[in-house]
Amino acid sequence: MYTQSFNVQDSTGLKSVTPPAVENPEAQARFDQKIDADGKIEPQDWMPDGYRKTLVRQISQHAHSEIVGMLPEGNWISRAPSLKRKAILIAKVQDEGGHGLYLYSAAETLGTSRGQMLDALHSGKAKYSSIFNYPTLNWADVGVIGWLVDGAAISNQIPLCRCSYGPYARAMIRVCKEESFHQRQGYEALLTMMGGTDAQKAMVQDAVNRWWWKCLAMFGPPDADSPHSAQAMRWGIKRISNDDLRQKFIDATVPQARVLGVTLPDPDLKWNEERQHHDYGQIDWDEFWSTVNGNGPCNKERLATRVKAHNDGQWVRDAALAYSSKQLNKTLKDAA
Ligand SMILES: [Fe+2]
Ligand SMILES: [Fe+2]
């Protein structure tokens, strides 16, 4: 999942492999012209150093969010209530791993290696979406993550299909198609539960209560507190502001909640005839920042699980490298 609103400052010190851009007014003019004409910037094109750094940070945070996002739902694969739900969940979690791969590849085209990005994640210097630092307590959480978390991710990510950086924009087209399946499978799982027992309905409502506000925070701080947004908009990286995206998501979700038969936990949520949008209550930004800064309920567990998975996979990487070097030797021998 996840995107522009997660482009918060991290302390990676990720260095670009390519030298910093020198003052180059002609190249800058060509770059500006391309951006103004809504063209795509490609890896071989000159780009301002700030543009490159912003993209590396944003795309790598997005990639980290995809692979850390596999963990809360992955916990439920062995406890899925039926073979059908298990197959769907395995496919979804696998998709998230694939999203991570496309995104690391897109970030690598900017001159930063995957090893550098993973080191930044594993050492705790890089951020990933804070939404994954909350626990999944029951099966309804899996449905609510699909419906609301993937739903919020889609709202964030559709504008990124038009991002000015070609490899990121192209990766997002496929990601968005898959996210749409994630959202619908979550909603369908919840619809099934809402047709069940009172206990099942209560589980869905409880999960909605716990996730709603956290999903609204996924769009990032209010526009007034997002100082980097204007530059990202100027560069064609960000297309729609945090508050506008949040509003769109709320307006789309309210009727879906009605069909489902759940209450969204906000007493201030109501239709505003004049604005032709829903008004909504205050998001707890202190809680959001506290989680971003490492103090959420699952931050330590998620990072430890990710690091262990990486270390446990070392033999696979070693085997792949050994195989490719054997193949290369064979090709060289055959050619000799
Ligand atoms: Fe994803
Ligand atoms: Fe997803």
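Predicted model: local features only at pLDDT ≥ 70, side-chain atom pairs only at ≥ 80, totals over all residues.
**Exercise 1.** Find which residues of helix H5 (residues 114-122) are buried, and name the helices against which they pack.

*Solution.* Start with burial, meaning under 20% relative accessible area with a 1.4 Å probe, protein chains only. In H5, Met117, Leu118, Ala120, Leu121 and His122 are buried. Helices here are DSSP runs of H or I with at least four residues, numbered from the N terminus. Next, look for contacts, that is, heavy atoms within 4.5 Å: the buried residues of H5 pack against H2 (49-68), H4 (83-108) and H12 (299-312). Finally, step past the helix to glycine 124, which follows H5 and has a positive phi near 85 degrees.

Residues are numbered from 1 along each chain as written, chains are lettered from A and ligands numbered from 1 in the order written, and side-chain values use heavy atoms, without hydrogens and water.

**Exercise 2.** Work out which residues coordinate the iron ion (ligand 2).

*Solution.* Collect the donors: N, O and S atoms within 2.8 Å of the metal (3.2 Å for Na, K and Ca); water is not among the atoms, so sites may look incomplete. This gives Glu96 (OE), Asp150 (OD), Glu179 (OE) and His182 (ND1), at 1.9 to 2.2 Å. Now read their spacing in sequence, E-x53-D-x28-E-x2-H. Glutamate 96 sits in H4 and aspartate 150 in H6 (residues 139-157), so this pair ties together parts 54 residues apart in sequence. Lastly, glutamate 96 also coordinates the iron ion (ligand 1), 3.5 Å from ligand 2.

Note on methods
Buried < 20%, exposed > 50% of the residue type's maximum accessible area, 1.4 Å probe, protein only. Helix = DSSP H or I, 4+ residues; strand = E, 2+ residues; numbered from the N terminus.
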